[in-house]
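Please keep the sequence and the structure in view while reading.

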Amino acid sequence: MKHQLHDSCLRLLLVIALVLTAVTGYSQYLRTSYFMEGTQYRLQLNPALAPERGFVHLPGIGHIQASVHSNSMGLDDVVEMIENKAESDFFTSDKFFNNLVDVNNASLNAGTDLLAVGWWSGKGFWTLSMGVKADGYASVPKEWFSFMRDMKGIQPVDYSHYTRHIGHEELNLTTYAELAVGYSRQIANRLTIGGRLKGLLGMGNINLKVREAIVNIDMENLPADFDWSHPDPTQLIGCHGTASFDVDADLESSFEGLSLLSNADGYIDDMDFEAKHMGIAGCGAAVDLGLDFQVTDAFSLSAAVNDLGFIQWSKGTSQYAHSNTSDMRFDTDRPREFPYFANVAGSSKTLNLDLLRLEKDESAHKSRKTNLASTMAVGGEYKVLRDKLSLGVLFTNRFTKPKNESEITLSANYHPSSLIDVAVSYSPVMCSGKAFGVAVKLGPLFVGTDYVYLDKNTKCCNTLVGLSIPLGKKQNEND
């Protein structure tokens with residue numbers, strides 16, 4: 001069971017790390033729904049944009065969203081990477097390698113409502129909600145894959161003076177529960193403001209940061225196509241020289257029930273998670289703020305900022321580890337060292353724990369704080385056909401690591417009745433102009449995506465599905 005858990009952890013980190021595909025979108029919201037008056041999901045982007053009537057979300061069906069975005073790799077690339085086997089390593093494919101950029105960034109987040117309710121009370125709209133969210137990001141430089149290909153002997157290498165400066169790799173995953181209360185109200189003839197206060201219960205966070213990894217090999221007479229993953233000892237005859245790894249990396253973890261396991265040499269080589277011990281590892285708070293201004297009867301402007309907040313992780317659940325590669329050396333004068341060194345150099349794992357050689361810091365007993373990835377949204381909408389049809393422009397920016405994510409979304413929205421809403425959108429930036437969005441609300445059912453895929457190997461994935469129970473009368477019926 002422990003090995004299965006280890007494989008699952010590594011696979012999850014790999015998926016996050018390379019952007020890898022599918023889960024939450026851009027921070028638990030759907031841009032295509034922003035100007036859909038009949039749906040409550042636009043509240044997720046702007047707490048001032050109240051729907052026409054109240055709603056109830058039941059556990060598991062009220063709101064489920066998942067999405068992922070990468071600046072380089074697509075769905076096919078990720079599937080190939082996850083299904084990697086020793087005899088067909090994904091990184092040996094020229095197609096996969098050529099899709100990479102210098103720094104391959106990824107972002108991921110997902111969310112679902114456990115319970116949510118919204119209702120009109122006089123001129124104000126209240127919401128209470130409880131949900132679970134996951135947020136992740138990753139950054140992996142192309143140099144990691146270049147090094148792995150070199151060690152496979154894919155291209156000729158001059159081992160008499162071989163140096164690779166890799167590093168600058170980071171993986172992060174945060175999961176937490178959210179308890180929120182929100183309120184929006186028209187305070188002037190044309191101005192509506194809204195806010196949402198959130199209490200956060202941190203379930204876990206793990207962050208791996210590789211600041212630098214230097215590979216030095218100075219070996220005379222080593223064949224240029226030497227395969228370190230399947231070394232032939234006879235090829236070492238007549239070779240002389242040294243090789244070394246120098247790594248500067250840190251691992252921070254705050255997960256109730258997660259243990260970092262060390263091997264006989266004292267280096268972390270496994271992760272063991274016991275679900276029965278899972279609990280609250282930290283607490284925090286966040287706030288959402290929004291406004292909507294009706295410039296004219298037909299034209300409006302709106303703006304919001306979401307997830308301004310943090311989680312403080314308890315020292316009792318926090319673990320720390322640092323790399324120690326002081327003895328990662330090989331000298332041909334000591335041939336017995338070669339098998340271990342070759343096993344590390346020839347590894348096909350993107351998350352190569354043997355290379356990082358992380359040692360737990362048993363003296364570190366302190367809490368830690370992480371910030372949420374906040375989001376800014378600015379929109380403009382123009383209505384025609386007696387408010388049945390509107391055209392909208394929305395700019396969003398998510399302040400996340402490793403890099404901010406910005407998008408411009410153009411949309412057309414049709415609202416023939418309180419039971420039907422339809423929207424189509426086009427977002428040219430994040431998916432390289434190769435996708436458009438569609439959202440449909442039919443009575444209590446809502447289905448939408450910001451990306452209907454025009455490219456098989458898409459770099460973007462975002463979907464929201466929800467089923468709500470109407471609550472109370474429409475706003476104008478309460479007046």
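## The largest pocket

A pocket is an open set of points, on a 1 Å grid over the protein atoms alone, where a 1.4 Å probe fits, with protein on both sides within 12 Å along at least five of seven lines; lining residues have an atom within 4 Å of a point. The volume of the largest pocket is about 1,000 Å³, taken as the space filled by probe spheres set on the points, which are joined across faces, edges and corners.

At least two lining residues come from each of β6 (169–186), β7 (191–220), β11 (282–294), β12 (299–313), β17 (374–384) and α7 (475–478). The largest contribution, four residues, is that of β17. The lining comprises nine nonpolar, eleven polar and 13 charged residues; Ala, Val, Leu, Ile, Met, Phe, Trp, Tyr, Cys and Pro count as nonpolar, Asp, Glu, Lys and Arg as charged, and the others, Gly among them, as polar.

## Basis of the description

The model is predicted: local features need pLDDT of at least 70 and side-chain atom pairs pLDDT 80 or more, whereas totals for chains, interfaces and linings use all residues. Residues are numbered from 1 along each chain as its sequence is written, and side-chain values use heavy atoms, without hydrogens or water.

## Overall composition

The protein contains seven helices and 23 strands, defined as DSSP runs (helices H or I, at least four residues; strands E, at least two) numbered from the N terminus. Of its 479 residues, 52% are buried, that is, under 20% relative accessible area with a 1.4 Å probe, counting protein chains only.

## Strands around β3

Strands pair if DSSP finds at least two bridges between them. Strand β3 (residues 103–121) is antiparallel to β1 (residues 54–57), with three bridges, and H57 stands opposite A116 of β3. Strand β2 (residues 64–70) also runs antiparallel to β3, through seven bridges.

Between β3 and β4 (residues 124–141), also antiparallel, there are 18 bridges. G111 of β3 is the bridge partner of Q65 and also of K133 in β4. Two residues separate the strands in the β3–β4 hairpin, where G122 has a positive phi near 65°.

## Helix α4

Helix α4 (residues 142–151) is largely enclosed by the rest of the structure, because eight of its ten residues are buried. Among them are W144, F145, F147 and M148. Just after α4, G153 adopts a positive phi of about 75°.

Methods. Buried < 20%, exposed > 50% of the residue type's maximum accessible area, 1.4 Å probe, protein only.
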